[in-house]
Amino acid sequence: MTQTRERVEAWLGAFESALRDRDGERAAGLFAVESFWRDLVAFTWNITTVEGRAGVAALLADRLDDVEPSGFALTEEPAEADEVTEAWLRFETRAGRGTAHLRLRDGRAWTLLTTLRELKGFEERRPQGVEHELRKGRHSWKEEREREQDAVGRTEQPYVVVIGGGQGGIALGARLRRLGVPSLVLDRHDRPGDQWRKRYKSLCLHDPVWYDHLPYLPFPDTWPVFAPKDKIGDWLEMYTRVMEVPYWSRAEVRSATFDAGSRTWRVVVDRDGESVELRPAQLVFATGMSGKPNRPRLPGQDVFRGEQHHSSEHPGPEAYRGKRVVVVGSNNSAFDICGALWEHDADVTMVQRSSTHIVKSASLMDIGLGDLYSDRAVANGVTTDRADMIFASLPYRIMHEFQIPLYERMAERDADFYARLEKAGFRHDWGDDGSGLFMKYLRRGSGYYIDVGAADLVADGRIKLAQGQVDHLTEDAVVLDDGTTLPADLIVYATGYGSMNGWVADIVDRATADRVGKVWGLGSDTTKDPGPWEGEQRNMWKPTQQENLWFHGGNLHQSRHYSLYLALQLKARYEGIPTPVYRLQEVHHPH
C-alpha cells in the first residue's frame, strides 16, 4: 500500500468512526481550518456548501441521525500533486448510494464533495420492453405509448409538471421517465427543438461537444465540435421521442396556483386552443437560465419608423442587406448578430454600454476546457461524468483562484488580439477579480463573448463601435447620452435577460416570485451579483421558499449534470421518502 493510499485510508477510517459514533465535532476536527464540504442532496436534501469546521459540525449535528452515512471507501488509487491528495470514494446513506471526492492537505480535508447518485429500492433499471407472457388484451409497445399519451392530463395526472421544453426540461423529463415519476413537459412551440430553430440564423453552440451531451444518450462521434442551432433543434426533437419524454407541444401555461391544503398546483394550460387543467404536486420552471428578455423602454420608440426587436426575436440577417443596423449590447448575442449582419453587407454599429470580457474560442477550448471536456481529456480517461464531478468538486468560494491563472495564460497567448481590440476603443475586462468567463457566467450570466470571429471585425473597424447609453430614438436614428447620433433602419436590443422568477411573477403571481427571490448568482458581491454570499446558485435545482416549486436550467452541461439531483429529490418526494431540507436558502433579493 502506498503512503498516499495509507494517508487517505487513515482519514476515511477516522471520519467513518466519528460518524458512526455520531460525534460531529470529532469529524469536523478532521477538516482543515479553511475547508469546504459541498453536498449535492446526499446529506442535506439540498444543494449547499458549508465552510470550515463550524460549518461541518453544524451540518452533522443536524443530519447525522437521519442520514446514517456509512461505507466510505476508495473506488480507485488516490493521486497526489502539489501537496494535495485527491481521492474518489463511494458511500451509502439510509436513503441511497453516493459518490464523493476528497482533497486532503497536510492530512486534513480541504474540500469534500458528496453526491447522491441513486435511491435504494428505486434504482434506474433497463425496461423489459415486452411482456413475455401471453394474455388476452395485451398491449403492444406502440399501443401502450398511445394510451399513456391520451391519458396524461386527462384521466391520469402527472406528479411533476415542467414548464419549458428546451434542453433543460427535456433532460429532466428523461430523468423522471427513467425513475418512474409521472411527469409532463409543456412547451409553447410547435415542436421540440424550436427554441433553437427559431433563433437567429448564425446561432451555434460556443461550447464544445464534450461539454454538451444530454443524459443517457451522448452525441455520436460524427457530431461537430460546435453544433449549429438547427442541428441541436433536430437532436432535441429526436431525443424527446427516443427517450419517450411525456411532452406537449403548442402548450402555453396561462396560470398556476398552489393549494396549500392539498399541496398541489392548479396549472391552466392552453393546449393548441383547448383549455386543460393539470393538478401536479410539483412544478418546475425550466424556462431558461436567462429568464425573460430585458426590453428597454426608451423615449422615441413610438416615433422610430424603422424596425426594432429584442435579440431573442431576431430572424437573421437576410432581410437587412444594405440597411443601417444598430445593435445595442456587446455580449454573445450582440457579437453573433453583428457578425452575421456584416456577412450579409449590412452597415452595422455595435453600441457598447459597459465593459465586456472576450476570450478566443481556441484558447478557451485548450486552456479553459481542455483538461475536462476535449478529445485530450477523453484520451486521459476523463469521461463526461468524471469531468462533471471534478468541476462540481471545486467550491464556488475558491473556484476563482483556479480560474485566474488560466485566464492569465489566455491573456498572454492572445496579447496582440487584445491590444487591437483596445486600440479600436473596445472596453475589455477579465471580470472583477480577473477570473474570466466561467465566473462571470456563474455570478451574473452575462458580460462576456466567446469569440468565433466577430471580435476581429470590431478590432478592424468593419463593425463600427459606439460607446455609451441610449438616450432616445428619433424617426431614423439612435441618439446616445453624449449626443452621438447613429442613423438606423433596424435596432436590435441585445440587452439580455432578467431573473427566471420573472416567469413566476407572470404565471403564478408577484408575491410568490418575491417569496422565492432572485434566481442565479452566488452572492459574490461582484458586478451584478449582489451579496450576501450564498455559496451556490440561487434557487437552482433545489428546494425554494415556495413549497413544491423548483427551477432547472443553465447551459447543456448544467442541464445534464444537475437534472440528476433534481430528479432524485422529486422521486424521493413521489415515493414518500422523508426529505428534511438542511439550510433552506434565505431570500435577500426579491427581484
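# Notebook: pockets, cavities, rings and hairpins

I began with the second largest pocket, where the largest share of the lining, 8 residues, comes from α4. I note at once that this is a predicted model, so every value below is computed from it. The second largest pocket has a volume of about 1500 Å³, and of the 49 residues that line this pocket I wrote down those closest to its centre, namely Trp141, Arg145, Glu148, Arg177 and Glu244. The elements that give two or more residues to this lining are α4 (141-151), α5 (167-179), β9 (183-186), α7 (229-242) and β10 (247-248). Sorting the lining of the second largest pocket by class, I found 22 charged, 17 nonpolar and 10 polar residues.

The largest cavity holds about 70 Å³ of space, and I listed its lining as Gly431, Asp432, Ser435, Gly436, Met439, Lys440, Arg443, Arg444, Thr526 and Thr527. By class, this lining has 5 polar, 4 charged and 1 nonpolar residues.

For the second largest cavity I recorded a volume of about 40 Å³, with a lining made up of Asp388, Phe391, Ala392, Tyr396, Leu442, His557, Gln558, His561 and Tyr562. Two or more residues of this lining are given by each of α11 (384-392) and α18 (556-574), and α18 supplies the largest share, 4 residues. The lining of the second largest cavity divides by class into 5 nonpolar, 3 polar and 1 charged residues.

Next I looked up the aromatic rings, for which the count comes to 29 aromatic pairs. One of them joins phenylalanine 219 and tryptophan 223, which are stacked with 4.6 Å from centre to centre and 15 degrees between the planes; phenylalanine 219 and tryptophan 223 are both buried. I also checked for a charge over the ring of tryptophan 223, and found that lysine 231 lies over its face at 4.6 Å from the ring centre. A further case of this kind is arginine 175, which lies over the face of tyrosine 216 at 5.3 Å from the ring centre. Elsewhere I noted one aromatic cluster, formed by Trp11, Phe15, Phe31, Trp37, Phe43, Phe72 and Phe91.

Strand β11 (residues 251-259) pairs with strand β12 (residues 264-271) in the antiparallel sense over 8 bridges, and valine 253 has valine 269 of β12 as its bridge partner. The hairpin of β11 and β12 has 4 residues between the strands, and in this hairpin arginine 263 takes a positive phi near 55 degrees.

I then followed strand β22 (residues 477-480), which is covered on both faces, with Ala477 and Val479 buried on one side and Val478 and Leu480 buried on the other. Strand β21 (residues 470-473) runs antiparallel to β22 and is joined to it by 3 bridges, with a hairpin of 3 residues leading from β21 to β22; here histidine 472 stands opposite valine 479 of β22. Strand β23 (residues 485-487) also pairs with β22 in the antiparallel sense, over 3 bridges, and I found leucine 486 of β23 opposite valine 478. The hairpin of β22 and β23 has 4 residues between the strands, and there glycine 483 takes a positive phi near 95 degrees.

Terms used. Residues numbered from 1 in each chain as written. Predicted model: local features only at pLDDT ≥ 70, side-chain atom pairs only at ≥ 80, totals over all residues. Heavy atoms only, no water. Phe/Tyr/Trp six-rings, centres within 6.5 Å; stacked < 30°, edge-to-face > 60°. Buried < 20%, exposed > 50% of the residue type's maximum accessible area, 1.4 Å probe, protein only. Lys NZ or Arg CZ within 6 Å of the ring centre and 35° of its normal. 1 Å grid on protein atoms, 1.4 Å probe; cavity = no way out; pocket = protein on both sides within 12 Å on 5 of 7 lines; lining within 4 Å. Points joined across faces, edges and corners; volume = space filled by probe spheres on them. Nonpolar A, V, L, I, M, F, W, Y, C, P; charged D, E, K, R; others polar. Pairing = 2+ DSSP bridges.
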